Amino acid sequence: MNIYQEAAKQIIDSHYCVAFTGAGISVESGIPPFRGRNGLWNKYDPKSFDIDYFIQDSARAWAIIRDIFYDLFGQVLPNTAHYALAEMEQRGLLKSIITQNIDNLHKDAGNTEVYEFHGSLKQIICLNCGQKVNVSQVDMNHLPPMCLACGGLMKPDVVFFGEAIPEYAASKSVDASQKADCMILIGTTGTVAPANTLPSRAKAGGTTIIEINPNPSEYTNRITDIFIQDNATKAMEHLMEAIDELA
Ligand SMILES: [Zn+2]
């Protein structure tokens with residue numbers, strides 16, 4: 001058996017398979033990573049995404065947020081790796097996705113059980129009353145957006161530096177990690193806490209870890225059982241072929 005057939009067999013034989021995704025799956029859709037040499041944090045000051053700075057100087061922070069999140073990320077589409085995960089869910093081979101990405105591409109591709117550990121750009125939230133509004137209703141020429149219900153300051157419904165992980169996503173993600181007997185890590189190197197503790201937690205409970213990354217990561221030698229060294233799109237295409245052969 002080659003590595004793809006081994007991974008396919010684990011997935012087909014599993015009872016609860018979950019995917020755990022990071023920036024690497026969206027890079028091929030045109031979304032730059034935040035970290036690393038060509039990452040956004042080399043171009044933009046991350047302080048706009050610090051909750052205290054945001055509250056203090058929200059108009060300036062929002063102008064940068066608009067540039068990065070809505071002008072740059074706004075036009076992107078899911079790629080074949082996202083669509084492969086949607087097909088796996090439809091076929092009953094994948095129960096849920098835990099994602100660290102805020103780009104909404106898993107939902108755009110058709111996945112329905114998606115736990116957005118760091119929130120989603122598709123919505124903005126009032127810091128005062130918690131009201132959420134779809135971002136399509138925001139006039140980006142009048143920033144910062146204010147809440148129509150209470151007049152409070154609104155921010156993207158994503159986790160800023162200094163903020164806690166949203167309770168719903170956190171509890172669903174921990175739950176899925178504990179239930180999983182198979183976890184597919186895709187495009188995530190394990191450097192961002194506390195999200196990076198989820199695969200280790202799963203592994204401690206006996207979960208088989210399949211890892212897809214172009215280079216070895218923090219996980220590879222520590223917890224990975226099957227390491228597929230490739231880009232997300234190419235790896236997922238080969239994996240789907242192997243699943244088709246075995247299923
Ligand atoms: Zn409000």
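Guide: This is a predicted model. Its largest nonpolar core has 30 residues, and those with the most contacts inside it are Phe54, Ile65, Phe69, Tyr70, Phe73 and Ile124.

Visitor: Which helices and strands each supply at least two residues of this core?

Guide: They are helix H3 (51–56), helix H4 (58–72), strand S4 (119–126) and strand S6 (154–158). H4 gives the most, with six residues.

Visitor: What is isoleucine 65 in contact with, leaving aside its neighbours within four places in sequence?

Guide: Isoleucine 65 is in contact with Ser48, Phe49, Phe54, Tyr70, Pro156 and Phe160. A second, separate core has 28 residues, including Ala8, Ala19, Ile210 and Ile243.

Visitor: What are the protein donors of the zinc ion?

Guide: The SG atoms of Cys126, Cys129, Cys147 and Cys150 lie 2.3 to 2.4 Å from the zinc ion.

Visitor: Why is the arrangement around the zinc ion called tetrahedral?

Guide: All angles must lie between 85 and 135 degrees. The four donor atoms subtend angles of 100 to 115°, and the arrangement is therefore tetrahedral.

Visitor: How are the donor residues spaced in sequence?

Guide: The spacing is C-x2-C-x17-C-x2-C. Cysteine 126 in strand S4 and cysteine 147 in the loop between strand S5 (132–134) and S6 are 21 residues apart, a pair that links distant parts of the chain.

Visitor: Why does cysteine 126 count as buried?

Guide: Buried means under 20% relative accessible area. Cysteine 126 has 3% relative accessibility and therefore counts as buried; cysteine 147, at 5%, also counts as buried.

Technical notes
Residues are numbered from 1 along each chain as its sequence is written. This is a predicted model: local features need pLDDT of at least 70, side-chain atom pairs count only at pLDDT 80 or more; totals for chains, interfaces and linings use all residues. Side-chain values use heavy atoms; hydrogens and water are left out. A nonpolar core is a set of buried Ala, Val, Leu, Ile, Met, Phe, Trp, Tyr and Cys residues joined through side-chain atoms within 4.5 Å. Buried means under 20% relative accessible area, exposed over 50%, partly exposed in between (1.4 Å probe, protein chains only). Helices (H or I, at least four residues) and strands (E, at least two) are DSSP runs, numbered from the N terminus. Contact means heavy atoms within 4.5 Å. Donors are N, O and S atoms within 2.8 Å of the metal (3.2 Å for Na, K and Ca); water is not among the atoms, so sites may look incomplete. Four donors count as tetrahedral if all angles lie between 85 and 135 degrees; four count as square planar and six as octahedral if opposite donors are over 155 degrees apart and all others between 65 and 115; anything else is irregular.
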